[in-house]
Amino acid sequence: MSKILMCGNEVIGEAAVQAGCRHYFGYPITPQNELTAYMARRMEEVGGVFLQSESELAAINMVLGASACGARAMTSSSSPGISLKQEGISYIAGMELPAVVVNVMRGGPGLGNIAPSQSDYFQAVKGGGHGDYRLIVLAPSCSQELYDLTALAFDLADTYRNPVMILADGMLGQMMEPVTLKKINSKRVKKPWVLTGAKNRPARMLRSLFLEAGALEKHNEKLQEKYRRIKAKEVRCETYNISRAEVIVVAYGSSARLTKAAVKMAEERGIKAGYIKPITLWPFPEEVFINEKDKDKRYLVVEMNEGQMVEDVERCAGDRKRVSFYGHAGGWIPQVEDIFKRIKKLV
Amino acid sequence: MGKVVINPARCKGCKLCIEVCPRNVLVPSSKNNHLGIYVVEPKKVGECTGCSRCAMICPDVAIEVYR
Amino acid sequence: MREEIIAAGFGGQGVMLIGKILAYAGMLEGKQVTYFPSYGAEVRGGTANSTTIISTAEIPTPISSHPDVLLAMNSPSCKKFGSRLKKGGLLIANTSLIEDVFKRSDLTIMKIPATSLAHDLGNKRSANMIMIGAYLKYKAIVSLKSVEKAFSIFLPGKKDFWDINKKALRLGMEYEGR
Amino acid sequence: MKKVFGRTRTLRDTHTHYCPGCGHGIAHRLVAEVIDELGIRERTIGIAPVGCAVLAYYYWDLDICEAPHGRPPAVATGMKSVNPKNIVFTYQGDGDLAAIGFNETIHAANRGENITVIFINNAIYGMTGGQMAPTTLCGQVTATTPSGRNAERYGQPIHVAELLGHLPGVTFSSRVALSDIPNIMKTKQAIKKAFQAQMDGKGFSIVEVLSPCPTYWRKTPVEALKFIKKDMTKIFPLGVFKE
């Protein structure tokens, strides 16, 4: 299949269209505007619904409504806008509705800047909104993964009745890179909970409010059981040379691209290096770390933030002293040579 | 000629029905329902015309009307 | 093989298109490519620039801090990016709009009055194609054929427009500048 | 004898959590009766708000969805976009619609979303304990305005039916009251018109219902109805503002 050149934001949009998304609601924010514009154009072509909402709050709740009626629905934004969507995401998780939310991260806190960043890791994997819920978080690191993981996101959302987040960043969103637009065979998931009007069946309700004594506890147990199933089945991760490596670099998304090159550079200079690239940030690939029991192994976590995923690596590595961190926030992008230098220092 | 049937399990004793009844058919009873509410009951039964005003104002749909 | 190219100028000069066309041409030749636009807060009047990387190996980052090539379409962008060029790098400067070309003895510098050449050709907007042509003359990183193919994909325009840009490309390739 | 008044199909036979004399019960009944009379129950989807009517899905025998506080018009927009043949209505209080969710309301109305909004205006926040609403009357004592609402601090009570009536996307906007039998009958007619407008595909329809909250007005149910008639309708005139 031939490759085409598209900007990352548009790749996400095309994947959504191919995965059967016909309902998109969004509000403009840089650096994800190409996605909103692309969906506006494509929804017209495929007879779907595009709506530019009055706010991010409205957009996520339009997704909620469309999903409640059975549609594959998506919204996208960038960091400050995703903060506004947290309320709706918590409700969607509580109501157990499928939804795909794209975050093309930019620098923060506050209005920050429009440079690429990975500062929303905590928000994406540790909650963001209120309550004990989990998002499935997918972290693409190239245009092809933007395409493949966006398509996967819709299947996972439907399968588990759970919101799924694509955690990209301004670099991936803005960049053009060759991509193969493979035909997507979406999973057809039955949705016996969808609201259509109570015709020839009992009325249905979708809610996250459980006031009866013990009901919310039970609901939460059900959610946790689901999260355990997701953890058991849906961990995705790319590893390279980790059993032989003395230094394992851990990075996701944009920083994983740089990490790969740095590891290669180290190998060329005779250093035993490897990498772990989590593709699902939640569920986090815990087993990979737990299996590496060698006490002399060192981890180097590279993030475009002030240290977020590093906390998960510390937790899974079992020994903080084995884990070091390299990263900055505010639009900083690491250099391959600098990552290499850090690897060298750890040997 | 009409008749009202008040479901004591639904009545919250707000007495709006008493207020709107043109024939003073309804009165607060001395009976408690399961929630401890003194429910309303029809007294001057023969006076009821089945006009349904009581049912229309009842916030709890506790009243059925026959005519 | 790996080449990092920054095309820079002011908005409307078609510097984004330069980057896209080079990236597409590279892709057509089976190379790894990335294209990265600058996305500043200014919509109009600011400097615009794009980074294209063409490589036989995987490209870790689409951003270039020390590019091999700078196609500078105006004075501010020549100053801004000229100092970042790699030692032995190539600077192609549009002297129609750049009076003082950045001076660095370690660079190959080609001066070409792209805007006036384009004007003479009959379309001021094809200055960017002249710049691409000049670049192809120095480094045949991609073939003219691939560039023309890429052009037809990004600008599937009218025949006249197409012809004039083809001419512009060749004009750039033939220009003897120093 | 024949039954001339009873519980309509769409209203479940259950105890409600509302206080004695609360207007929600009457409004619920009117909505349910209208749905049954129009024969649209099997294609209707309701959206329950946050506020006292948060449990509305226990009371209507309909497909119902919850929405975050203030967001029902956005949720309704999403729903309607999936199947325009569904009849979608929101049921919102004054905090939900006129405070936290006014943006969603205004924009859904301005887009002319073909939905119906039942707006319960009782001039107070019931569920959270009787705080000031955007529709609280000047001088009205609430938990957060112990000396009465002060217009200099909080402005005048907001007039939703009039404001929305100005928007071209709105096909029907009316204010009614649950103050007495004739007005309750008018309320039902207005609700019916609003649903009918949606069935005819005419756009956004809203019925603002002045509704009693005896508990936080610190009045008996009978006094509360009188308060609507005497005080509330002075500030919130009844009528049709767009048809």
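Me: What does buried mean here?

Reply: A residue is called buried when its relative accessible area is under 20%, and exposed when that area is over 50%; values in between make it partly exposed. The model to which these words are applied is a predicted one.

Me: What makes helix 1 of chain D largely enclosed by the rest of the structure?

Reply: Of the 16 residues in helix 1 of chain D, 14 are buried, so the rest of the structure largely encloses this helix.

Me: How do you know whether the span of helix 1 of chain D agrees with what its residues should give?

Reply: At 1.5 Å a residue, the 16 residues of this helix (residues 23-38) should span 22 Å. The end C-alpha atoms of helix 1 are 23 Å apart, so the two values agree. D:Gly39 follows the helix, and its phi is positive, near 65°.

Me: Which residues are buried in helix 9 of chain A, and what does this helix reach from its first C-alpha to its last?

Reply: The buried residues of helix 9 include A:Gly253, A:Ala256, A:Leu258, A:Val263 and A:Met265. With 16 residues (253-268), the helix reaches 24 Å, close to the expected 22 Å. Here too a glycine with positive phi comes after the helix: A:Gly270, near 80°.

Me: What makes the phi of A:Asn200 and of D:Ala123 worth a remark?

Reply: Most residues other than glycine have a negative phi. A:Asn200 is not a glycine, yet its phi is positive, near 55°. D:Ala123, also a residue other than glycine, has a positive phi near 60°.

Me: Which peptide bonds of chain A are cis, such as the one from A:Thr30 or the one that joins A:Gly108 to its partner?

Reply: The bond from A:Thr30 to A:Pro31 is cis, with omega near 5°. A:Pro31 lies in the loop between strand 2 (23-26) and helix 2 (33-46). The bond joining A:Gly108 and A:Pro109 is cis as well, with omega about 0°. A:Pro109 is found in the loop between strand 5 (99-105) and helix 5 (121-125). Most peptide bonds are trans.

Me: Why is D:Met199 called partly exposed?

Reply: Its relative accessibility is 26%. D:Met199 is found in helix 8 (residues 181-199) of chain D.

Me: Which residues does D:Met199 contact, leaving aside its neighbours within four places in sequence?

Reply: D:Met199 is in contact with D:Leu38, D:Ile40, D:Arg43 and D:Ile87. The C-alpha atoms of D:Met199 and D:Lys85 are 8.3 Å apart, although 114 residues separate the two along the chain.

Me: How do you know whether chain D agrees with a compact globule?

Reply: A compact globule of 243 residues would have a radius of gyration near 18 Å, and chain D has 17 Å, so the value agrees. Chain D comprises ten helices and eight strands, and 63% of its residues count as buried.

Me: How do you know whether chain B agrees with the rule for a compact globule?

Reply: For 67 residues the radius of gyration would be near 11 Å, and chain B has 11 Å, so chain B agrees. Its elements run β-α-β-β-α-β from the N terminus. Of its residues, 51% count as buried.

Notes: Residues are numbered from 1 along each chain as its sequence is written. Chains are lettered from A and ligands numbered from 1 in the order in which they are written. This is a predicted model: local features need pLDDT of at least 70, side-chain atom pairs count only at pLDDT 80 or more; totals for chains, interfaces and linings use all residues. Side-chain values use heavy atoms; hydrogens and water are left out. Helices (H or I, at least four residues) and strands (E, at least two) are DSSP runs, numbered from the N terminus. The radius of gyration is taken over C-alpha atoms; the globule rule is 2.2 Å times the number of residues to the power 0.38. Buried means under 20% relative accessible area, exposed over 50%, partly exposed in between (1.4 Å probe, protein chains only). The expected span of a helix is 1.5 Å times one less than its number of residues. Contact means heavy atoms within 4.5 Å.
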